[in-house]
Each structure stands twice: as structure tokens, then as C-alpha cells.
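Here's a quick walk through the parts of this complex and where they touch. Have the viewer open as you read.

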Amino acid sequence: MATALLTLTLAACASTEASTDDGSAAGSGGEEVTLSLVAYSTPQAAYEKIIAAFQETEAGQDVKFEQSYGASGDQSRAVEAGLPADFVMFSLEPDMTRLVDAGMVDASWSSDENKGVITNSVVALVTRKGNPEGVQGWDDLTKKGVEVITPNPFSSGGARWNLMAGYGAQLEDGKSEADGEQYLADLLANVPVQDESARASLQTFSGGKGDVLISYENEAIFAQQNGEDLDYVVPDSTILIENPAAVTSTTKHPKEAKAFLDFVRGEEAQKIFAENGYRPVLDGADTAGQDFPEPAGLFTIADLGGWDEVLATFFDEENGVVTEIERNLGVSTEK
Amino acid sequence: MSLLPGATPAPPTAPRRRPLHGKGQAIGLGFVVLYLSVIVLIPLAAVVATSQENGLAGFWKAVTTPEASSTLKLTIGASFLVAVINCLMGTMIAWLLVRDRLPGRGFFDALIDLPFALPTIVAGLALLTVYGTDSPLGLDIAYSRLAVVVALLFVTLPFVVRTVQPVLLELDREMEQAAASLGAGPATIFFRIILPNILPAMAAGTALSFARAVSEFGSTVLISGNLPFKTQVASVHIFNQLENDNVAGAAAVATVLLVVALVMLVALDVLQRWGARRG
Amino acid sequence: MASPGVLVKPAVRGLALLYLTFLLVIPVGLIFWRTFENGLAPVIDGLTTQATIHAFQLTAVIAFWAVLANTVFGVVAALLLVRYDFRGKRVLNALIDLPLAVSPVIVGLSLILVYGRTTGIGQALAGIGINIIFSIPGMVMATIFVSIPLVVRAVAPVLEEIGDDQEQAARTLGAGPVQTFRRITLPSIRGALAYGVVLAAARSLGEYGAVAVVSGRLVGRTQTVTLLVQERYLNFDQETAYACALLLVVTAVLALGVSRLLAPKEIKR
């Protein structure tokens with residue numbers, strides 16, 4: 001038995017060196033390079049295809065990839081703690097800023113024409129197939145008796161997109177900031193479950209809980225593509241979700257990593273992103289037949305003051321607006 | 001009453017404890033201490049040190065925010081309740097598995113360890129399916145504090161059972177038979193002969209289940225709904241603090257949980273000694 | 001005196017069975033049902049992808065080392081705690097159970113704080129080619145961390161119960177400590193040791209949180225079965241998720257069966 005286990009150990013060690021399921025082509029004369037891609041969880045399916053496409057090109061011929069996917073915040077912190085990474089992509093900017101502050105990503109990462117963003121999405125309202133509740137917009141979510149699913153904004157960085165979309169939509173409709181804050185309070189009062197991440201809340205909703213789910217358009221499309229019976233509505237006013245990516249300053253293969261980043265910004269990769277439900281950032285990119293409605297009241301986080309200000313105003317753990325709302329809700333519902 | 005009042009029936013062998021001397025024992029102790037230090041103590045010390053990053057004032061503040069207090073109260077309260085339930089039910093189940101002649105108890109025996117082997121997400125899902133909105137049994141207790149307790153009971157099920165079971169198995173039946181032949185009833189036999197012998201194991205298992213309940217994360221989140229101030233456990237709060245780059249705050253709450261667990265462990269150790277002495 | 005006594009036994013039996021059925025049998029049964037809901041084919045598919053096979057190999061390796069380490073530790077610690085008195089013994093006793101009270105995220109964090117690539121120790125070790133965090137050694141350490149008490153707590157009560165008469169006798173007859181251990185102590189705790197090892201193994205197989213944090217989640221490299229289950233489930237691949245979870249469960253049950261076979265004859269009833 002001991003020998004069997006020892007053999008297993010050796011086999012596992014050997015396979016950890018060799019295995020990465022990327023179907024890489026053998027290089028012709030070039031030296032093989034392995035790039036480490038660290039990203040948040042939802043673009044996994046897209047990247048698997050993009051990497052394969054990249055390896056068909058001349059620049060990507062001798063490049064192998066090691067991939068890691070997980071919650072955006074977790075991944076960002078892992079890189080900060082020393083997880084080797086050549087190319088990183090997160091679901092929101094603060095996770096990138098963390099690495100800039102740690103000296104792992106150059107501050108110039110956002111100096112290109114798209115400010116470092118490589119895909120977009122929008123916050124959408126996900127309903128059961130056929131939209132039986134007739135959800136059209138944000139106001140339907142604060143009606144009495146409606147159960148809204150959205151993740152916990154304090155455990156999921158990405159969940160903050162949802163709340164800021166709701167808040168910003170109120171401002172976009174001409175309401176005041178106080179009205180917007182009241183809206184958030186009414187909204188959160190209708191939330192029976194606060195999962196720890198966006199994907200977990202999607203699972204909760206798919207599992208039968210709740211009347212409407214606040215999520216991202218690309219998540220809804222992904223769920224539909226995987227056979228879930230869901231529909232989604234892009235409200236007239238909603239926020240543009242911007243996903244940043246960058247090459248790290250700690251990379252040992254800057255040339256290849258930069259080549260990959262350029263590829264990701266290019267036509268072929270942007271089309272693959274579209275196929276997976278993301279809105280391309282490249283002007284005139286092929287949207288692969290997806291229907292990406294343009295909401296009349298589309299705004300960005302910059303319109304709300306940028307992430308730094310939003311985090312401080314709304315999500316500060318002592319006196320943020322959302323913190324206060326949660327506390328009041330807790331006090332009123334706590335026995 | 002045939003058994004002399006106050007007489008402690010002697011356990012099979014009086015526990016003789018020798019002082020440590022000699023190379024072998026010293027090496028053994030050194031190994032144990034080194035092992036614990038490298039894997040547990042030094043890392044935990046680093047966590048405690050991190051919690052002091054903002055000084056004691058910062059520590060206190062992190063631990064007394066409304067969110068932190070609420071989750072700590074829920075976690076410690078629920079874990080305590082779960083520990084008590086486990087003490088009772090775990091012993092009963094161990095009894096069932098060892099002393100009962102029930103056919104099919106092998107089936108249950110095989111299942112007891114499963115909560116250990118299940119990834120927390122699967123445990124959470126299984127519980128949610130049975131006790132959630134679409135429950136085939138019609139039992140909808142999800143998204144409540146009861147759900148937190150149920151999830152904790154699930155993950156801590158094996159502890160008391162598995163610590164008491166081997167002791168029950170090893171128990172020398174002669175004394176019980178002797179007592180019975182002297183006219184002692186089953187209750188007396190249980191409380192004066194069996195219980196003192198399994199009390200250390202019960203205490204150990206209860207301590208383990210409390211400690212485990214306090215730290216549980218995955219399976220509670222799914223079934224509890226994770227509502228702040230209502231069903232959010234401390235480990236989720238710790239996770240949230242980390243997400244917000246408040247490592248010191250997370251470490252502070254973690255330290256409180258450690259201290260509480262340590263107190264509980266020591267209390268059970270004292271209880272076990274007292275029980276063993278009393279007979 | 002007989003009447004109330006007669007009721008106790010079926011009451012205990014009934015209550016225990018009811019508890020087990022609702023808390024354990026039904027939820028676990030559901031996992032079986034969910035796994036095979038769509039037939040055998042998706043289960044086989046899910047279990048035979050390269051990612052799954054690698055995850056199982058990796059999990060087996062990690063569990064092997066973690067259980068081995070904790071078994072050695074467990075036996076030594078149990079002997080020390082039960083047979084000897086020494087200063088700090090009560091502290092040691094309490095400290096051994098402490099790891100269970102640590103939230104999995106903190107387990108990972110604590111290891112990173114000490115052995116991470118940005119710490120003194122981490123860099124020193126990296127200098128001689130040993131990477132702990134985001135690599136297998138770190139995952140083994142995290143797994144050891146969460147299952148430290150299990151073997152100790154399984155063996156110690158039995159050691160206490162059987163007493164050291166025979167060991168003393170062997171000593172007076174001139175046997176050395178190693179001999180005494182091998183020929184007297186070890187056989188007598190074999191059953192309990194097997195139980196402890198199975199517990200530790202099952203726990204090592206099922207750990208998610210702590211391993212997730214220190215693993216770096218490298219697909220095909222540091223992805224254990226539990227990490228795979230989580231990832232597959234969140235990607236709407238429920239079949240693979242449940243199939244892998246089921247296999248873990250079946251492995252634990254088989255291990256338990258083996259440990260019962262190893263128990264000394266007198267214990268089996």
C-alpha cells in the first residue's frame with residue numbers, strides 16, 4: 001500500500017508540472033513561455049476559447065497558460081499576497097487599484113483609450129421565463145411583497161454594481177440623492193437572502209427563491225446558455241459595468257503578456273467575449289448576433305463620483321449609507 | 001442499596017501518570033510542540049498580532065461594531081446550543097451503535113462520518129433542498145436562525161458520536177454485570193458506572209463540536225440566507241472584513257472566537273476532571 | 001423499577017434514529033438522488049475529464065500526507081497526554097482542539113501571514129526552492145491544520161480506558177519503550193487508531209475554505225476535488241459537482257468499512 005501511494009505521489013507531482021488543459025501547439029523554433037492568467041470567475045468560459053485562439057496566432061504559438069479563476073476580491077488579494085500573475089482581470093476597478101498600490105501593476109494600466117477596460121456589461125433585472133411578474137424597471141422592485149435577490153454588498157465587491165445601479169437610476173430619473181438613498185432602503189427591505197457572491201445569488205434564484213434577481217447582463221446570458229429558464233430586462237436607466245484588465249509589472253514575460261493583452265483587445269477576442277454575453281469595448285466589434293440593448297439612461301460609476309468616493313460614501317463600514325440602511329433593517333427585524 | 005454510598009467503583013485500572021523523564025519522552029514532547037507551533041501556534045499568533053495593528057482601541061472598535069456584535073452573539077449562542085444538543089444526541093447515537101441490537105445499525109454507522117467528507121457547498125445544498133423553499137417534505141425552515149442551527153448540527157454530528165463510541169466499545173462489561181447481579185437497576189448502572197467512564201469522551205466530543213460550530217462558514221451561508229443582523233454568522237463577517245481590506249478587523253473578530261473556544265475547551269476540561277473524580 | 005426502565009431503551013433508540021434520519025440520511029440520500037437524476041452517463045462524463053482526474057489525484061496526495069502527519073502526531077500526543085504528567089499539559093490539551101475553532105478563511109490567512117511569498121520565512125524558503133503558499137505544501141499544511149485533533153481525540157480515551165497495566169508489566173519484564181509500544185500499546189489501540197485515521201482522512205478529503213485560500217486556485221494544478229466541486233457547481237455543471245461529491249462520500253464510507261475490518265476481534269459484536 002505504501003508503494004502504491006508513493007507512486008501516486010510521484011505521478012501527481014509529475015502531472016502538476018505538465019498539465020494545463022490548454023491544447024497548446026508545439027512551437028516551431030520559439031522558446032516556450034508560460035503565462036499566468038489570474039481572473040475573476042465569470043469570464044472563465046470566454047478565456048478558455050480566447051487562449052486557444054491566441055495560440056493559433058504567431059504571437060501566441062509558443063505560449064502556454066496557467067489559469068486561475070475565483071471571486072474578484074479573492075483573486076486580487078491572492079496576487080497581492082504573491083500569487084504569480086502575468087495577466088490579471090477583475091470585475092471592478094478597486095481590485096486593480098489594490099495591485100497598483102502594492103506596486104504590482106503600473107499606474108499606466110488605464111492610460112489606453114478604453115481606460116484599461118476590456119469588457120463591459122450592464123446591470124439587468126433577471127426574471128423567471130416569460131417574466132410572469134411583469135418586471136419592467138427599478139420601481140417594480142420596491143413594491144410590497146416582491147422578493148429581490150442580490151448578493152451581500154460587503155462580501156461581494158461585484159454586488160456593489162447592483163446597488164449603485166439602482167441608486168444611480170433614481171438620480172437619472174431626476175430624483176434627489178435622499179430619494180436615491182430611500183430607494184436603497186426600500187430595496188434592501190425586500191431582500192430575503194444575501195448570498196456571498198453574484199454567482200451564488202444567481203444559483204439561489206435559479207433554485208427557485210425570489211421573484212427577481214439583480215445581476216449582470218453577461219451572467220443572465222451565461223445562465224440562459226446553460227439551459228436555465230430565465231429572462232432578463234435591461235432597465236431604461238442602469239449602470240455600465242466596466243471590467244479592467246492589465247499586464248502586471250512583476251511579469252517575467254512582458255512581451256508575451258503584452259501581446260496577449262493586445263489580442264484580448266482585438267477583434268477576434270472581443271467577438272468571443274460577445275459570444276459569451278459580454279459587451280465588447282472595441283468600436284465596431286462583431287457582437288456575434290447578441291442583442292445588447294442601449295438603455296437611454298446609461299451611466300457609469302464615474303458619473304456617481306468614481307469608486308473611491310462611492311466606497312467611502314456608501315460602503316464605509318462605520319457610517320456608509322448602505323451600512324446604515326442594513327443596521328436599521330436589522331434593528332427593526334431583530335427580535 | 002448494595003453499592004456503598006460514596007464508594008467510587010474503581011475503573012478497570014487506576015490511571016497512573018508518570019512524570020516525564022527520559023530521552024524518548026522528551027523527544028516526543030519536543031516533536032508535538034514543534035508540530036503544533038509550525039502549523040497552528042505561530043500562524044495563529046500572527047493573526048492575533050495582526051489584530052493589534054491598530055492597537056487595543058482599534059481591536060475593541062472592530063469587535064464592538066453592530067455587525068460584529070450581532071454575528072458574534074449569533075455564532076456563540078448557536079454553537080453553544082449545538083454543543084449541548086450534540087452532547088445528548090451524540091451519546092444516544094453512540095449507545096445505539098454500540099449497545100443496541102438493532103438490525104441495520106451498520107448502515108447508520110457508516111453514514112456518521114459523512115459530514116466530514118462532504119464539501120461544505122454540497123452539505124449546504126443538501127440541507128437547503130431538504131429544508132428549503134422547495135422541500136419535498138414541506139419543511140421550510142430556510143433563511144432563519146433555526147436553519148443556522150440545523151446546518152451546524154449537520155457538520156458537527158460525528159464529533160461526540162465518534163469520541164464516545166470507542167470508549168463504549170472498550171468498556172468492560174464485568175462491572176455492569178456485577179452491579180446488576182447485586183441488584184442495581186439500569187439507571188443506577190448507567191449513572192454510576194457507565195457515565196463516569198464516558199464522561200471524558202463526551203466532554204471532549206462536545207468541546208470539539210463547539211469549536212467546529214464556531215468556525216463553520218460554507219454550509220450555513222446557503223441555508224441561512226446570510227442576512228446581516230439576523231442570520232449572518234461570525235465567519236462570514238470575518239470574510240466580509242477581508243473583502244474590504246480590513247485585515248486587522250477580521251483578525252480581531254477571529255481572535256475573539258479563538259478566545260471563546262479556548263475558554264470553552266478549558267471549562268470542559270475542568271468539568272471532565274470533576275466528573276471523573278465524582279464518579 | 002422495571003416499567004420506566006423498559007421504556008427508556010426504545011425511546012433512546014427511537015429518538016436517535018429519528019435524529020439521524022432527518023439530519024443525515026435524508027440530506028445525504030438526496031445527494032445520491034441528485035447525482036443520478038439524469039442517469040449514469042453524465043456522472044461518468046463528469047468524473048473522467050482531465051480536470052477531475054487531476055483533482056482526485058491531487059486530493060489523494062494531499063490527504064495522504066496530511067493524515068500520515070496527523071496520525072504520527074496524534075499517537076505521540078495521545079500517549080503524552082494520557083500516560084504522563086508534565087508542566088503545561090493542560091495548556092497543550094486545550095491547544096490541540098483549538099484549530100477546529102478557526103474559520104477556514106482565517107486558516108488560510110494565518111498561513112499566508114507567516115509563510116507567504118512576501119514574508120521573511122516565505123522568501124527564505126523560496127530561496128531554497130520550497131514554495132509553500134499557492135503550492136502543494138501549503139495545501140497540505142492547511143489540511144493538517146483543520147484535522148489536527150481528530151486522531152488524538154480518537155486514541156486518547158481508549159488509551160485512558162485500557163490503562164497501562166500491560167505496559168507496566170512489559171517494562172518490568174525488561175522490554176524497551178519502542179518494543180512495548182509496538183507489541184502492546186499499538187495492538188490495543190488499533191481499532192481506535194483506525195477510527196481516528198478514517199475521521200482525519202474524511203476531513204482532509206472534504207476541506208474547502210482553508211485550502212481554497214492557500215491554493216491560488218490554479219486550474220489543473222492546485223485544484224482539489226472540493227475546489228472543483230465548487231467551481232463546477234457555480235458554472236452550472238451540477239452533474240460533475242454532485243458526481244465528485246458523491247465519490248468523496250463513497251470513499252469515506254469505504255474507508256470506514258476497511259477500518260472496521262481492521263478492528264480487533266473482541267470489539268466487533
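## Ground rules

Which domains does the domain assignment give for chain A? Before the answer, some housekeeping: this is a predicted model, where local features need pLDDT of at least 70, side-chain atom pairs count only at pLDDT 80 or more, and totals for chains, interfaces and linings use all residues. Residues are numbered from 1 along each chain as its sequence is written, while chains are lettered from A and ligands numbered from 1 in the order in which they are written.

## Chain A and its two domains

The answer is domain 1 (33-119 + 242-280) and domain 2 (121-240 + 293-333), with bounds that come from an automatic or database domain assignment. Taken over C-alpha atoms, the centres of domain 1 and domain 2 of chain A are 27 Å apart.

Where the two meet, 16 residues of domain 1 of chain A are in contact with 15 residues of domain 2 of chain A; contact here means that the C-beta atoms, placed from the backbone, lie within 7 Å. On the domain 1 side, helix 3 (72-80) and helix 4 (93-101) of chain A each supply at least two residues. Helix 4 of chain A gives the largest share, three residues. (Helices are DSSP runs of H or I, at least four residues, and strands are runs of E, at least two, numbered from the N terminus.) That domain 1 side divides into four nonpolar, eight polar and four charged residues. For these classes, Ala, Val, Leu, Ile, Met, Phe, Trp, Tyr, Cys and Pro count as nonpolar, Asp, Glu, Lys and Arg as charged, and the others, Gly among them, as polar.

## Where A meets B

The contact between these chains takes 18 residues from chain A and 19 residues from chain B. Helix 12 (residues 321-333) of chain A brings the largest share of the chain A side, four residues. By class, the chain A side has three nonpolar, eight polar and seven charged residues.

## Where C meets B

Here 83 residues of chain C are in contact with 83 residues of chain B. Helix 1 (residues 2-35) of chain C gives the most to the chain C side, with 15 residues. That side has 61 nonpolar, 11 polar and 11 charged residues.

There's a strand pairing between these chains too: strand 1 (residues 18-19) of chain B and strand 1 (residues 84-85) of chain C run parallel, joined by two bridges. Strands pair if DSSP finds at least two bridges between them. Look for Pro19(B), which stands opposite Asp85(C).

## Inside chain C

Chain C is divided into domain 1 (1-35) and domain 2 (40-267), and their C-alpha centres lie 29 Å apart. Five residues of domain 1 of chain C are in contact with six residues of domain 2 of chain C. The domain 1 side has three nonpolar, one polar and one charged residues.

In helix 5 of chain C, 12 of its 12 residues are buried, including Pro104(C), Gly108(C) and Tyr115(C). Buried means that 20 or more other C-beta atoms, placed from the backbone, lie within 10 Å of the residue's own. At 1.5 Å a residue, the 12 residues of helix 5 (residues 104-115) of chain C should span 16 Å, and the end C-alpha atoms are 16 Å apart, which agrees; the expected span is 1.5 Å times one less than the number of residues.

Helix 11 (residues 225-234) of chain C has 10 of its 10 residues buried, among them Gln230(C), Glu231(C) and Arg232(C). Phe236(C), which follows helix 11 of chain C, has a positive phi, near 65°.
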